[in-house]
Amino acid sequence: MKNDFLLMSDFEKHTTIACMYINKKSINFISVLYNLDECLIKEILISENVYEYHVCNVCNHLKIKYSFLNYYHCYDCGTKINLRYSKHPVDYNLYNHKISKYEQIRDDGQGILEAKCNYCKKYFKPTNNQIHKRLKSIYKNKRGKKRNYLHCGCQIHT
Ligand SMILES: [Zn+2]
Ligand SMILES: [Zn+2]
């Protein structure tokens, strides 16, 4: 594979690198594989207009990094898939890094995520659906309106 790469034209090299990158191979991985400088790879990716873009494994669209829900799929697809689990609580480790900046959360001791209700300040286990709605509002609405804050259900009848 490495020898094939050396025989390629610059155009083919750039295409190959861009293709690997949008399919989620890291710059470091590509750099080791082809013995290329990481800065050079980054320059190539920028010139190919794919830097910070990846392909969603579900819809196959090229999307910018922050529109990814996780390694595999973008928010649009992930939200649809996760609807199946909408009433379930979520894994603490899976969502900790995504939501801890915005909500007070903790591990319940069994790996399930608990969040502090924004109104009554009690800890509760938000459902997958609540977490995804919250994340969507964080990512799609950077203005940070006071909507969609996590709450335990105490606000529903007010
Ligand atoms: Zn998608
Ligand atoms: Zn509450």
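Strands here are DSSP runs of E of at least two residues, and helices are runs of H or I of at least four, both numbered from the N terminus. Two strands count as paired if DSSP finds at least two bridges between them. Strand 3 pairs with strand 4 (residues 113–116) over three bridges in the antiparallel sense, and Arg106 stands opposite Glu114 in strand 4.

The model is predicted; local features need pLDDT of at least 70, side-chain atom pairs count only at pLDDT 80 or more, and totals for chains, interfaces and linings use all residues. Residues are numbered from 1 along each chain as its sequence is written, and chains are lettered from A and ligands numbered from 1 in the order in which they are written. The average pLDDT (the predictor's confidence in each residue, from 0 to 100) is 86 for the protein, and 87% of the residues score at least 70. Confidence is highest in helix 4 (residues 38–47), at a mean of 97, and lowest in helix 5 (residues 75–82), at 73.

Helix 4 takes part in two helix contacts described here. Its axis and that of helix 2 (residues 10–22) come within 10 Å and cross at roughly 90°; axes are lines fitted to C-alpha atoms, for helices over the stretch in contact, and angles run from 0 to 180 degrees between N-to-C directions. Helix 2 is therefore roughly perpendicular to helix 4 (65 to 115 degrees; under 35 is roughly parallel, over 145 roughly antiparallel and the rest oblique). His14, Ile17, Ala18 and Tyr21 of helix 2 make the contact with Ile41, Ile44 and Leu45 of helix 4, where contact requires C-beta atoms, placed from the backbone, within 7 Å.

The axes of helix 3 (residues 27–34) and helix 4 come within 9 Å and cross at roughly 115°. On the helix 3 side the contact involves Ile27, Asn28, Ile30 and Ser31, and on the helix 4 side Glu38, Ile41 and Lys42.

Elsewhere, the axes of helix 6 (residues 92–99) and helix 7 (residues 128–140) come within 11 Å and cross at roughly 25°, so helix 6 is roughly parallel to helix 7. Tyr95, Lys98 and Ile99 in helix 6 meet Ile131, Arg134 and Leu135 in helix 7.

Technical notes: Contact = placed C-beta atoms within 7 Å.
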